[in-house]
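Visitor: I would like to learn how to read the aromatic rings in a structure. Please show me the model and take me through them.

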Amino acid sequence: LFALLVSSGDLELRHFFFPHSSVPNVVSAKRWLGLVRVFLSVDMMKQIFGKLPRKPSKSSQHEPNGDALNGNSFFNSSLGPNSLNSSKPGSAFKFSNSGSHLNGGTVNSHSSSSANSNQGKKTDPLASQAGLMLVSGIYEALPGFLAVPSTEKLSLFLKKLNMCCVVFDFSDPTKNLREKDIKKQTLLELVDYISSVTSKFNELAVQEMTRMVSANLFRTFPSPNHDNKLLEIYDLEDEEPVMDPAWPHLQIVYELLLRFVVSPETDAKLAKRYMDHSFVLKLLDLFDSADHRERDYLKTILHQIYGKFMVHRPFIRKAINNIFYRFIFETEKHNGIAELLEILGSIINGFALPLKEEHKLFLVRALIPLHKPKCASTYHQQLSYCITQFVEKDYKLADTVIRGLLKYWPVINSSKEVMFVGELEEVLEATQAAEFQRCVVPLFRQIGRCLNSSHFQVAERALFLWNNDHIRNLIIQNRSVILPIIFPALQRNTSGHWNQAVQSFTLNVRKIFTDVDHVLFDECLSRFQEDELKEKEMQERRELTWKHLEDVVSSTTAASNEAVLVSRFVSSIAIATATATSPTPMVGG
């Protein structure tokens, strides 16, 4: 431009640019031209114009989280031929008024707001990239990590994370197939990158990773399928398992989060600011998912978070306690109790001795009451393991645990009773003699009722306790207390139980007591026979009394049509006798 001015014959233009020189020389013109070439290069022009303030358009207003969706694409500068701006126009995406839904693709922005609000963090420079993508109506694959230099891989990692913040609708399997496949491939590339990275993740990478995971995973579950079935869902054993249609993407996001947490390149001190208490609570909420595959991933991830972020351990235990309390005393509905107990089993195994009072309260207030709900069979195996771990850690807790089991012992649920006897055997196997003696009387009163159960599995399972060497030794040491309690049940089983196997096992138990202490056995047998004789005499007197009352009523009624005046007790018996189909009512002596 200045070279043309120098050679131009237009004096007015020349004086406008060179006011102090009537005829500028060639040297000064060359100097101006050099300055123009240096300072007004193409790249410098992009940087200068990129820093100029712009007035936001209507379609790029601020979202509720405070992140603006700029109308100018972030991807203009360094993505090469695969840049979003180089894609064909006319994409299937169209920007809605809310700025968050895009014809099947949604941007989840609540997580970015929570990440930005934690501990006064600075504003995320990449927070609006997904919005920019949606504004431009383009969703294209980014270049692979092998296609860019090492210095640009971190920047590409952030862009891919940002790209995966777009959440698609999987309720319609025919919608956005191409975009869903692009996102899936991008997520797989991120998994490979995290597995192979050799440098520490900086704060921006941790922040973007947390934001992408939050956008994809944190969601509310549909309520109709969850609330209306109530407790019946636990009785439908043949019901088909629920599978989340979005699992093709969710699985990779969970794998990505798992590898990020266990990666040695993830600094726990830095990551704990973004994977904070709010993040952990939302992760725990996902345990109520009906998809068992999702709960398995959550179980592994939460266990790794518990191990890596020591500062979060008390909070995680307290949050799990609260889930248990709400399940036990309010809803009795939750899909992830078994997985949470499985995590706690590993945590309890690592408790230091002596046990803290906090842990003992957790046993008494949360674990033992978990035997109460009707659906306990869905998680009883994991619960039994946790209970046994406590007794093995501190044998003095055995009395507390056994009395807790007796408190919640089922009355009419035979299958649940079989589980309780099995758990009782595991607890007794870890019980010492002193604690056994404290609870022996109420314990064997309940075992005696189980021995006489008409459900053969309950009776068999109770008789199997004598097959355990440790329990058998405890019983033999305390036989003077135990045998008088259970002897009536043993005698009735040998002569009156309908199941042949129960009768056979009962004879084996009787033989154990006979071999150990024949004198005690004979005393119990003599006392039992006396009690039976007394009971028989009492029953005969009761029948004679009823017969006498029947004769008095019948003779008086036959002699006269007048009403017979009897006492209230006799009147009630007479009415019951007249209306009963059987002439022998069952009343107490």
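Guide: Start with a charge over a ring. This is a predicted model. The charged end of Lys180 sits over the ring of Phe170, 4.4 Å from the ring centre.

Visitor: Where does the charged end of Lys160 sit?

Guide: Over the ring of Phe145, with 5.5 Å to the ring centre. Phe145 also belongs to a cluster. Ring pairs join Phe145 to Phe157, Tyr193, Phe201 and Phe260 there.

Visitor: How many aromatic pairs does the count give?

Guide: The count is 18 aromatic pairs. Take Phe327 and Tyr379. Their planes stand at 75° and their ring centres are 5.8 Å apart, so this pair is edge-to-face. The cut-off for that class is over 60 degrees between planes.

Visitor: Which parts of the chain does the pair link?

Guide: Distant ones. Phe327 lies in helix α15, residues 313-331. Tyr379 lies in the loop between α17 (357-367) and α18 (380-393). The two residues are 52 residues apart.

Visitor: Is Phe327 buried or exposed? And what about Tyr379, buried or exposed?

Guide: Buried means under 20% relative accessible area. Phe327 has 1%, so Phe327 is buried. Tyr379 has 1%, so Tyr379 is buried too.

Visitor: Why is the pair of Phe436 and Phe444 edge-to-face?

Guide: Read the angle again. The planes of Phe436 and Phe444 are at 80° and the centres 6.0 Å apart, so the pair counts as edge-to-face. Then check accessibility. Phe436 is buried at 0% relative accessible area. Phe444 is buried at 2%.

How values were computed
Residues are numbered from 1 along each chain as its sequence is written. This is a predicted model: local features need pLDDT of at least 70, side-chain atom pairs count only at pLDDT 80 or more; totals for chains, interfaces and linings use all residues. Side-chain values use heavy atoms; hydrogens and water are left out. Rings of Phe, Tyr and Trp (its six-membered ring) pair if their centres lie within 6.5 Å; planes under 30 degrees apart count as stacked, over 60 as edge-to-face and the rest as tilted. Helices (H or I, at least four residues) and strands (E, at least two) are DSSP runs, numbered from the N terminus. Buried means under 20% relative accessible area, exposed over 50%, partly exposed in between (1.4 Å probe, protein chains only). A charge sits over a ring if NZ of Lys or CZ of Arg is within 6 Å of the ring centre and within 35 degrees of the ring normal.
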